[in-house]
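Open the model in your viewer and keep the sequence panel beside it. We will go from stop to stop, selecting as we go.

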Amino acid sequence: MTHTVITAVIPAYNAEKTLLRSVTSVLAQTHQHFELIIVDDGSSDNTLALARAIKDSRVTVLTQPNNGPGAARNAGLRVAKGRWVAFLDADDTWEADFFSAALEALAAHPQLLFYFGATQSKTATVRKPSPLATQNPFVFQADRSVKAKRLRRQVELSLCLMLADKDTIVSLGGYYERDKCTYGEDSVLSFLIFWLYPVIKSHKIVHTYNQSETGLSLSRHTNVQAKAMVLDPDYIYERLPESSHRAVRQFIAYLASVDAQRLAKAGKSDEGWQLIKDRTVLACAYQPAVMVALLRFAFYTTTSPLRSS
């Protein structure tokens, strides 16, 4: 019997137009000792039927009532057999050598628990590595001392680029899933990983991002809301040593200022102002990035034709 080294999990919600493309990219991996778990998250289209029609012994299909992408990923995590886990959105794809490249890098750094590659996009703007950047894996540790805007670039990375130690992901609580969260549920886990652990990073492209016109991608881009870290900071504090709380609180205040700005631009200035008050953003206005976001919030509050009455 072949030993399962990697478990890949695809959460799928109304993904009938893209699911098979994503699944094909998993089944085409050059490293073949893996299982694929597809979790249908209460789809109302043909997603579940398409998943169940896949004839491959490595594929397991689960279904649940609609509970959000975090809960769907965690459902796959709970039954995962592999030592390593990877998560792919149902409208994205992996390069065929993703697993092989990640395992090779992790074998060279056996003390580390996470590998992150790079992404490309055919449908949206994604920050690309410099053409001079090496594809050779390197050890990366987030610098907690940098300003919030720069720290955000270090700790918010798509988890579709990741191969991770399963037990460590479980110890962090898996993906955020409270209130069927559909926005920022992955950035909570990404923040915890980069705050607590050094990782292996590479500029090698392992993933292609596609923004679909249905399902989760649609809801994320049409329903402007605050990120989970901003709405539920206690979830973060519970998983970090108390010595980190002050620095993390300042970082969350910055995120809240950015989300308040976005909400005001979308005509939800009342929600944005509530964030500013609840997350003591004004106390962090000495941070240049926070001040800029607050000024933009004020601008959008007074100029947006959609603003709250």
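Select R73. It is buried, with a relative accessible area of 3% (buried means under 20%, exposed over 50%, partly exposed in between, using a 1.4 Å probe and protein chains only). This is a predicted model: local features need pLDDT of at least 70, side-chain atom pairs count only at pLDDT 80 or more, and totals for chains, interfaces and linings use all residues. Residues are numbered from 1 along each chain as its sequence is written, and side-chain values use heavy atoms, leaving out hydrogens and water.

Which bond joins R73 and D89? A salt bridge, with the closest N and O atoms 2.9 Å apart (a side-chain nitrogen of Lys or Arg within 4 Å of a carboxyl oxygen of Asp or Glu). R73 sits in helix α3 (residues 69-79) and D89 in the loop between β4 (84-87) and β5 (93-94), so the pair ties together parts 16 residues apart in sequence. Helices (H or I, at least four residues) and strands (E, at least two) are DSSP runs, numbered from the N terminus. D89 is buried too, at 14%.

Next, select K227 and E156. They form a salt bridge, closest N and O atoms 2.9 Å apart. The two residues are 71 residues apart. K227 is buried at 9%; E156 is partly exposed at 22%.

Move to R239 and E238. Their side chains meet in a salt bridge, 3.5 Å from N to O.

Last stop: helix α13, residues 288-303. Colour V290, A293, L294, F297 and Y300, its buried residues. They pack against α11 (245-265) and α12 (269-278) (contact means heavy atoms within 4.5 Å). On the other side, find P288, L295 and T302, which are exposed.
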